[in-house]
Amino acid sequence: MNEEMLLSWPAKCPYCDASFEMLIDSSVGSHATWEDCPQCCAPIQVRVTVSPFSGELEDVMLGQDDDVF
């Protein structure tokens, strides 16, 4: 993990609609992971898209555990 590549991302839980900040590590490129909601503890599916050319964060998608991205 490269601390310079950690980005704060505003997020909303797809279950309880709570707002929170996520730390996104763009140094690993595009990836999928899971994050628990800090309010309701539900598992949130996270898909991170990073540009392969510039290495910049392009998009972050959040979904419930049964959503298909």
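Me: How many helices and how many strands does the secondary structure of the protein chain come to?

Reply: This is a predicted model: local features need pLDDT of at least 70, side-chain atom pairs count only at pLDDT 80 or more, and totals for chains, interfaces and linings use all residues. Residues are numbered from 1 along each chain as its sequence is written, and side-chain values use heavy atoms, leaving out hydrogens and water. Helices (H or I, at least four residues) and strands (E, at least two) are DSSP runs, numbered from the N terminus. For the protein chain, the count is 0 helices and 5 strands.

Me: What radius of gyration does the protein chain have?

Reply: The radius is taken over C-alpha atoms, and the globule rule is 2.2 Å times the number of residues to the power 0.38. With 69 residues, a compact globule would come near 11 Å, and the protein chain agrees with that at 12 Å.

Me: What box do the C-alpha atoms of the protein chain fill?

Reply: The box is taken along the principal axes. Its size is roughly 35 × 25 × 15 Å.

Me: What share of the residues in the protein chain is buried?

Reply: Buried means under 20% relative accessible area, exposed means over 50%, and partly exposed lies in between (1.4 Å probe, protein chains only). Of the 69 residues, the buried share is 26%.

Me: Among contacts between residues at least 6 apart in sequence, what share joins residues at least 24 apart?

Reply: Contact means heavy atoms within 4.5 Å. In the protein chain, the share is 27%.

Me: Which side chain meets D17 in a salt bridge?

Reply: Side chains of opposite charge can pair when their charged atoms come close. A salt bridge is a side-chain nitrogen of Lys or Arg within 4 Å of a carboxyl oxygen of Asp or Glu. The structure holds 1 salt bridge. At 3.9 Å, N to O, D17 meets K12.

Me: What is phi of D17 near?

Reply: D17 sits in the loop between β1 (6-12) and β2. At 49% relative accessibility, D17 counts as partly exposed. Its phi is positive, in a residue other than glycine, and near 70°.

Me: Which side chain of opposite charge is nearest to D25?

Reply: D25 is placed in strand β2 (residues 19-25). D25 is buried yet has no salt bridge. Lys and Arg count as positive and Asp and Glu as negative, while His and the chain ends are not counted. At 15 Å, the nearest side chain of opposite charge is R47.

Me: Which side chain does a polar contact join to D25?

Reply: A polar contact is a pair of N or O atoms within 3.5 Å; within protein, one must be able to donate a hydrogen and the other to accept it, and residues adjacent in sequence count only if both atoms are side-chain atoms. At 2.6 Å, the side chain joined to D25 is S27.

Me: Which residues are in contact with S26, leaving aside neighbours within four places in sequence?

Reply: S26 lies in the loop between β2 and β3. At 5% relative accessibility, S26 counts as buried. Its contacts are M5, L7, V50 and G55.

Me: How many Å separate the C-alpha atoms of V28 and Q39?

Reply: V28 lies in the loop between β2 and β3 (31-36), and is exposed at 53% relative accessibility. Q39 is placed in the loop between β3 and β4, and is exposed at 61%. The two are 11 residues apart along the chain, with their C-alpha atoms separated by 27 Å.

Me: What is phi of C41 near?

Reply: C41 is in the loop between β3 and β4 (43-50). At 57% relative accessibility, C41 counts as exposed. Phi of C41 is positive, in a residue other than glycine, and near 65°.

Me: Which residues is D65 in contact with, leaving aside its neighbours within four places in sequence?

Reply: D65 is found in the segment after β5 (57-63). At 44% relative accessibility, D65 is partly exposed. D65 and W34 are 31 residues apart in sequence and 8.7 Å apart in space, C-alpha to C-alpha. The contacts of D65 are Y15, W34, P43 and Q45.
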